[in-house]
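Dear colleague,

Please find the structure below, handed over for your own reading. The notes that follow set out what was found in it.

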Amino acid sequence: MKRYDAIVIGAGHNGLTNAAYLARAGLDVVVLEKNDYIGGAAVTRELHEGWHYSSCSYVCSMMRQSLHRDLDLSRHGLLLVPYLGTVAFGDDGNTLIDYPDEGAHYLELQRHSPHDADAMSRFQADLGRYAQLIRKTLMRTPPDPASFKPRDIREILFLAKEFWALGERELYEYMRFFTMSAADFLEDYFENDLIKAAMASPGIIGTALGVQSPGSAYILLHHVMGDVDGSVGAWGLARGGMGAISHAIANALREAGGEIRTCAGVERILVRNGTTVGVALENGDELHANIVVSNLDAKRTFTRLLQPEELPPRILERARNFKIRGSSGKVNIALSGLPRFKGLPDNRYINRGGQTFAGSLETMERAYDAWKRGTWSEDPFIESIIPSAWDPTVAPAGKHWMSNFVQYCPPELADGPWTPEKRDAFGQTVINKLERYSPGFKDLIVHMEVRTPHEIEAEIGLTQGNIFQGELTIDQLLFNRPFPGYGQYRMPLRNFYMCGSSTHPGGGVSAACGANAAREILRDLKKPNVVPDDDCYDE
Amino acid sequence: MDRYDTIIVGAGHNGLICAAYLARHGQRVLLVEAADAAGGLASTREFHPGFHVAAAHTVYQFSPQIAKELELAKHGYADSGKPLSTIGLDPEGNHVAITAEGVSGVDAEDADRYRRYRAELETFRDALAPFWMKRMPGIGGNSAQELLTFAQLGLRLRRLGREDMLEFFRVATLPMRDLLDENFANDRLKAALSWDGIIGGRLAPRSPNQSVLMLLYRLCGEHGGQHVVPQAGIRGLIDALVAAATGAGAQLRLGAAVKQILVEGDESGLRATGVELASGERIAADRVVSSADPQRTFLELVGTRHLEIGFSNRIRRLRCEGYVAKLHLALAEEPRFRGLEQADGRMIIAPDLDAIEFAFDDAKYGQCSSDPVMEIVIPSLREPALAPPGQHLLSAHVMYVPARLKGGWTADAREALTSRLLDELERYAPGLRKLVLHAELLTPADLETLHGVTGGHWHHTEFAIDQLLMMRPTYEAAQYATPIPGLFLCGAGSHPGGGLSGAPGHNAARVILS
Amino acid sequence: MEHTDPFAGERLKLSPFHARQAPMNLRDAWSSWNSYKFADYYYDAQYEYFCIRNTCGTYDICPMQKYEIRGADALAMLNRMVTRDVAKLKLDRVTYCCWCTDEGRMIDDGTIFRLGDDHYMLTCGSPCLAWLRQSALGFTELTVRDISEERAGLSLQGPTACAVLKAMGLAAIEQLKPFGILHFDFRGDTLMVSRTGFSGDLGYELWIDRSLALDLWDALYSAGEHHGIHPYGEAATNMARLEAGFIMPAMEFNEALKTVNFQLDQTPFELNLGWLVDFRKPHFNGRSALLRERDKGPKYTLVKLDIEGNKPANDAILYADRRCKGEIGYVTSAMWSPAAKANIALAMVRTKYLAGDIFAEIYYPKELRPYRKVARCTVRDKPFWAPARTRQTPAPDR
C-alpha cells in the first residue's frame with residue numbers, strides 16, 4: 001500500500017494551498033475530498049443548466065497577493081476583477097451609492113449628511129491604519145505568549161514594534177477599536193443612520209454577534225482589511241466564480257506533483273501512540289502518511305475524526321466549546337434578466353454591483369435578536385451581488401444570477417431542526433424582501449437555491465455552516481485560534497496539523513491559513529521554507 | 001477667603017476615601033457635596049416615612065486594605081455581617097442557592113463543576129487583584145516604575161502556569177453565556193452566576209469582552225464577591241467614611257453644589273485653581289479632585305473651552321447610559337417567598353440566560369422590557385433600623401431599564417413598570433402586593449437627578465475594555481491626573497471602576513500624594 | 001427619486017461662474033476641486049501666470065469651503081479651535097490662521113473674516129464641518145452653517161486689480177488695506193470685497209450671493225476689458241503661490257485627520273507657521289503639544305530653496321552632501337520661476353541640517369530619457385516674489 005509523506009483532509013482553498021506548498025517542497029502529498037468536486041466553500045457549481053453559481057463564498061478581497069503571485073495563480077487561470085458601485089438600501093427606501101470616485105462619493109454622502117461626508121475621510125484613514133497593522137500579521141504564525149522560545153519572543157517583539165509605531169494615541173485607539181461594538185465605533189464618526197448601517201454591515205457578516213455586540217468592530221475590520229491591488233476594502237469577483245480560485249490552486253498543486261482524490265471522505269484519523277499515521281476513508285480504505293493535516297474546522301476535526309481516548313484530556317472539551325455558530329444563510333437565484341432596484345439611477349456601473357439591504361442599525365440588530373430566539377427576521381440583512389453583470393462566464397448572455405447572503409439564519413430553529421418547508425419559507429422571506437426593493441423581481445426568477453446553516457453543513461461540512469470555521473471573537477483569535485496553546489498549526493498529536501480557517505488568521509478566502517500551516521510543517525521537517533513570509537507590497 | 005490644599009467635588013464613598021487619605025497626610029481638604037447627605041449612590045435616604053434605603057443595597061467588594069488603613073473599625077464600620085447567599089428564585093420554590101460553601105438546588109455534576117469554576121476564577125482574581133488598587137501606567141510612559149507595573153502584571157500571569165495563563169487570555173473576553181454554558185447545565189444557576197458579570201453595564205449574557213473582567217473585579221472584596229449588608233448597614237459604612245475623613249481634619253460641606261471648577265491660565269498653560277459653588281461663592285485651592293463622573297466633570301464643571309477638542313469629544317462619547325432601575329417597597333410586614341424560610345438572601349429573578357438577554361433586547365431600542373429581571377434584597381432583615389418596628393422594606397435592582405425611555409418617563413410609563421414589577425414579584429412572593437405601603441421606582445434618569453450621576457450609570461461610565469485600565473475614562477485622564485494640571489479624578493469613572501470598592505478614591509489619593 | 005440623467009450622481013458640480021468660464025476654457029482643460037469642475041488652465045498656463053504678475057486675472061474660489069459662524073460663543077469657539085488670537089481681529093478684517101489636533105498636528109489652514117460682533121466667516125480648502133461640529137461641543141450660543149453653496153467667490157489678482165474694481169465703480173477701493181473688508185451695493189444686494197488672495201501680489205476676493213455671480217462676472221469683465229483681465233486656473237495659481245512661498249494642503253502638508261501613518265502629518269512649527277501660534281491667548285487646541293514643540297524645536301522645517309541649474313526639483317530627496325548619503329529632507333513643490341528667473345522649491349529639511357550644505361537629487365527627462373543631477377540648494381528667507389504694491393495703501397493702479 002502506498003504511503004504518502006502528507007495527507008491533507010479537505011480540498012477547500014486552504015487545504016489545496018497547504019498541499020501545494022508541501023508538494024513544492026518535495027513532499028508526496030494527497031488531498032482527500034469527500035465531495036465529487038473540489039473547493040469546499042470556494043466553488044462554482046452549475047446548479048441550473050447554464051448558470052454557474054458561486055454557491056457559498058461569493059466575493060474575494062482577502063486572497064493574499066503574495067500567494068497569488070507565488071503560486072502563479074494567474075497562469076493557472078485565476079483573474080480577480082474588482083467590482084464597483086455597491087448600493088446600500090435604507091429602511092425608508094433611501095439609497096446610498098458607493099461611487100468609486102472620491103468626489104462623487106463625497107457628494108452622495110453629503111446628500112445624506114454633510115457632517116458625515118466630512119467625517120468619512122477620517123473614518124477611512126483610521127480604518128486604513130488598523131487594517132495596515134492587522135494585515136502584517138496575516139502571513140505570520142502567532143507567537144505563543146506563554147513561551148520563552150526565541151522565536152516566540154522575537155514575534156512578540158515584532159508585534160510590539162509594529163504596535164508601537166502607531167504612536168501613543170493611536171495605540172489606545174487601536175485597543176479601543178479591537179474590543180468595541182461596530183455600532184459604538186461608528187457613532188464616533190457618523191450621525192446618519194443609513195451611512196452607519198452601510199458601514200456596519202461588514203461587522204455582522206458571518207458572525208453570531210450583532211452590530212451592538214462588543215467585538216463586532218473587529219469583524220468589520222476583518223472584512224475590510226483585504227484589498228484588491230492595494231485598494232483597501234475593495235472586493236473582487238473571481239472570473240468564472242469562486243471555484244476558479246480553488247481550481248487555480250489545484251492546478252498549482254498538481255503541477256508540483258500533488259494528488260487530489262475526490263469522493264474520498266475521511267471516516268477517521270488513524271492514531272498510534274499519540275502520533276497520527278494516516279486516515280481511514282468512508283469506503284474502508286486506509287491511507288498512511290507521515291503527516292496528517294486537517295483542513296476541516298476544529299470542532300469537526302476533533303469530535304468526528306478522532307476518538308476521545310486518543311486525545312489529551314482538555315482538548316476534547318476545548319473542541320466542544322469551540323464557538324462555531326451558524327448564523328448565515330445563502331440564496332442563489334438564476335434570473336431571466338437584470339433586476340432594477342427602486343430609487344436608483346439606471347446606469348451601467350451602479351445598478352448591478354453589490355446591494356446591501358442593511359436598513360438601519362436597529363433593523364440589523366433586530367435581525368440578530370431574532371437569531372437569538374431561534375428564528376429569522378422578516379426583515380433580514382441581505383448582502384447581494386449580481387456577478388453575471390461583471391463576469392460573462394457565469395450565466396447565459398443577457399441572463400443573470402444573484403448571490404444573496406443573509407444574516408442572520410439560525411443553525412436550528414426554536415421549534416426544532418430545519419425541514420425543507422422551513423428552508424423554503426426562509427427563502428421566501430428573502431425574495432419577498434428583494435421584491436419590495438425591486439418590484440417584479442419574482443417574475444425574473446428562473447431557479448433558486450436556498451441554503452440554511454443546515455444545507456451548508458450537510459454539503460461542505462462546515463460545522464453549523466459557520467463561514468469562518470469558528471467565530472472571530474478575541475477568545476478565538478491570534479494565539480487563541482483555534483485553542484489557547486495551539487495557535488501555531490501544530491495540534492496535540494504528533495505529526496498532526498490543522499490548516500483551515502479555524503486557525504490564524506481565520507475565515508475569508510485568503511489562503512493564509514493553509515500557507516502558514518505549510519511553513520510550520522516544513523519547519524518541523526527541517527526543510528527549507530518555500531512559503532512567502534510576507535505580503536509583497538510596500539506600505 | 002479660606003484656602004485649601006485640595007477641594008474634592010462630591011462626597012460619595014470615593015470622594016470621602018480620597019479626602020480621608022489626603023487629610024491624614026496633613027492636607028487641608030474641603031469636600032463639597034451637592035446633596036444634603038454624604039454617600040452619593042450609597043447615601044441612605046428616607047423614601048417613605050420611617051423607611052430608609054440606599055441605591056446601593058449591599059457591599060461586596062469594599063477593599064479590606066482601605067478599611068484597615070483608614071481604621072474604619074474605629075469609626076463603627078464592621079464588615080462582619082454574614083454574607084447573603086445568592087438565590088436564583090423559582091416560582092415553584094425550587095431555588096438555586098449559591099453560598100461560600102458551594103451551590104445547592106442543582107445536580108451533582110453542576111455542584112462539582114461549580115467548585116472548579118470558582119477555583120479557576122479565584123486564581124485569575126488573585127492574579128489581577130493587586131492591580132485594581134494601583135494606578136495603571138500609560139503605555140506611552142517609560143519610567144521605571146511604570147514598566148515595573150507591567151512587568152509585575154506579566155509576571156503574575158506567567159506565574160499562573162502555562163495552562164492557566166493561556167486559559168486566562170481566552171476566558172477574559174468571553175461573554176458570560178459562553179463561560180457558563182461551558183461549565184453548567186442548570187439554567188437558573190447560570191442566570192444567577194451571570195448576574196455579577198453584567199449588572200450595572202450595558203451588556204447582557206451574550207455580550208463579549210467585558211463581563212468576565214467585571215466579575216473578577218467584583219470578586220475582590222473581603223468575602224470573595226459575596227454580598228453583605230454590613231453592620232449598621234450601608235449607612236454605617238458611609239458614616240464611618242465621613243468620620244474617618246472629618247476625623248483626619250477634612251471639612252465637609254453638604255448642600256454645596258459646585259457650579260464650575262475654576263481654571264486659570266497663563267502663558268505656561270492652564271491650572272485648576274478652585275471651585276465656584278451654585279451660590280456664587282468661590283473657593284480657592286491648590287488642586288481640585290472630582291469624584292463626579294467624567295462627563296459631568298469635564299463637559300459641565302470644567303467646560304470644553306479649557307479642554308482639547310479631541311479629548312472633549314472622547315469624553316462625550318463615553319458610554320454613560322445606565323440600565324438599572326431601583327424599586328423600593330415599604331412593606332407592612334416581612335414578605336414571604338415561596339420555598340424560602342426567610343427572604344434573607346440576595347434573590348435573583350431570572351429563570352435563564354435568555355430571560356436576561358431578551359430583557360436587554362428591549363432596552364437596546366429605548367424600551368422597557370415586558371419581562372424584566374431583578375435582584376432583590378430585604379435589607380431590613382439585616383438592619384432593622386431601616387424600617388419601623390415589625391415592618392420591612394424591599395430593595396430591587398431591575399434590569400434593563402433605559403435612562404432615556406422612548407416617549408419619556410411619563411407618570412404612565414412609571415406606573416406601568418412599577419405595576420409590572422409588582423406582578424412579577426407576586427409570582428414569587430404571593431401576597432406581597434397587599435403588604436405594599438408605598439412603592440418607589442427610581443429609573444436611571446431619576447438616579448441621575450437624585451445623585452448627579454450622568455445617565456444614572458453605576459460605574460459613571462461603562463465598565464468595558466475600551467474604557468478600562470489605562471483607558472479609563474480615556475487615556476488622557478486615566479492616571480487620575482487630567483489634561484488640566486491641578487485637576488484630578490477620583491470617582492468610579494477612573495480605574496478600576498464603580499461599585500463600593502473605594503479603589504478609585506484610594507488610588508487617586510496615592511497619585512496626588514506621590 | 002427620478003433621474004433624468006442616469007449619471008447625475010457622478011457628475012462634477014458646476015460653479016456659479018461656469019456659464020462664463022466654460023466657453024473660455026478652449027482646450028477643455030478641466031480637473032476637479034471639492035467635486036466642482038475646475039479649470040487647470042483656460043488658454044495657456046504660462047500666459048495666465050503672467051496675467052497675475054503683469055495685468056490681472058480671476059480665479060474661481062467657489063469650490064472653497066465657507067462656513068458662517070454666529071452667536072455669542074462664536075469668538076470663544078473659534079479662538080479655542082485656531083492657534084491665532086481671533087479676539088484681536090477687528091470688524092471687517094480678515095486673518096490667516098491654522099488649526100491643529102490635540103497633538104498639535106495641522107488639520108488645515110484658512111482665513112477668518114470678522115463680519116459682525118458675533119459673526120464670522122471661515123474659509124478653507126477642504127471640508128471641515130465634522131471638525132467644526134466637534135469644536136463646537138460645549139458652546140451653546142452658536143450656529144455653524146455651511147454657506148459654500150450660497151456664496152460665490154471670485155479672486156481678482158494682479159497689479160491692475162485695483163484699477164478694475166475702480167472702473168467697476170467701487171468707491172474708495174484703493175483705500176482698502178491688506179486683510180481689510182469693504183461692502184458695496186450691487187444689484188440690490190451686497191458685494192463684499194476683501195483685500196486677500198493667494199498670489200503674493202496685489203489682489204482682492206469678491207464675495208456675493210450665488211444668484212448674482214454672472215452679473216458680477218459681467219460687470220468685472222466689462223470693467224477689466226482695458227486692464228488685461230483673464231481667468232486663470234489651477235496651474236497658474238500654483239505657480240504664483242509657490243513664488244510667494246504659500247503652502248498648499250496635500251503638497252506641503254498632509255491634513256492630520258486624513259493621515260494614516262504616525263507623524264506623517266506636520267506641525268505649524270515644521271511648516272514655519274510658528275508666528276500663527278499665540279501662546280499668550282486663552283486656551284486653544286493642541287496648545288500643550290505645540291508648547292513642547294516650540295521648546296524642543298521642530299524636527300523638520302519648511303524652507304524656500306533656490307536650486308542651482310534650471311531643472312525643477314519635483315519630488316527630489318535632499319542630502320547633506322553631493323554623494324547623496326543620508327537623506328535630510330524632501331522637496332514638496334518645485335518649479336522654474338519665470339518672474340524671479342530662479343529654480344525654486346519649497347522643501348522640508350531636518351532642522352539640524354539647515355545650516356549645512358543641501359543638495360537635491362533631481363531626475364529630469366530629455367527626449368524621453370531620464371537623467372539625474374545633483375544640485376546645490378540655497379535656503380532663502382524671503383519669498384521669491386513680493387512686490388511692494390502687495391502691501392501699499394492706497395493700492396496702485398498698475
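In chain B, the centres of domain 1 and domain 2 are separated by 29 Å, taken over C-alpha atoms. Please keep in mind throughout that this is a predicted model.

**The two domains of chain B**

Domain 1 of chain B is made up of three stretches, 3-39, 234-319 and 458-513, while domain 2 of chain B covers residues 104-214. Where the two meet, 18 residues of domain 1 of chain B are in contact with 20 residues of domain 2 of chain B.

The size of an interface is often expressed as the accessible area that is lost when the parts come together. For domain 1 and domain 2 of chain B, about 1700 Å² is buried between them, and 69% of it lies on carbon and sulfur atoms. On the side of domain 1 of chain B that touches domain 2 of chain B, there are 11 nonpolar, 5 polar and 2 charged residues.

How many salt bridges does the rule find across the interface of domain 1 and domain 2 of chain B? The count there is 0. The rule does find 8 residue pairs in polar contact across this interface, with both residues at pLDDT 80 or more.

**Salt bridges in the model**

Over all chains, the count comes to 107 salt bridges.

E108(A) is buried, at 5% relative accessible area, whereas R111(A) is partly exposed, at 39%.

The side chains of R122(A) and D126(A) meet in a salt bridge of 3.8 Å, N to O. Because they are 4 residues apart in helix α4 (residues 114-138) of chain A, R122(A) and D126(A) are separated by about one helical turn. D126(A) counts as buried, at 5% relative accessibility.

Elsewhere, salt bridges that share partners join E173(A), R176(A), D188(A), R314(B), R317(B), E476(B) and D102(C) into one network.

Yours sincerely

Note on methods. Residues are numbered from 1 along each chain as its sequence is written. Chains are lettered from A and ligands numbered from 1 in the order in which they are written. This is a predicted model: local features need pLDDT of at least 70, side-chain atom pairs count only at pLDDT 80 or more; totals for chains, interfaces and linings use all residues. Side-chain values use heavy atoms; hydrogens and water are left out. Domain bounds come from an automatic or database domain assignment. Contact means heavy atoms within 4.5 Å. Buried area is the accessible area (1.4 Å probe) that two parts lose on being put together, summed over both. A salt bridge is a side-chain nitrogen of Lys or Arg within 4 Å of a carboxyl oxygen of Asp or Glu. A polar contact is a pair of N or O atoms within 3.5 Å; within protein, one must be able to donate a hydrogen and the other to accept it, and residues adjacent in sequence count only if both atoms are side-chain atoms. Ala, Val, Leu, Ile, Met, Phe, Trp, Tyr, Cys and Pro count as nonpolar, Asp, Glu, Lys and Arg as charged, and the others, Gly among them, as polar. Buried means under 20% relative accessible area, exposed over 50%, partly exposed in between (1.4 Å probe, protein chains only). Helices (H or I, at least four residues) and strands (E, at least two) are DSSP runs, numbered from the N terminus.
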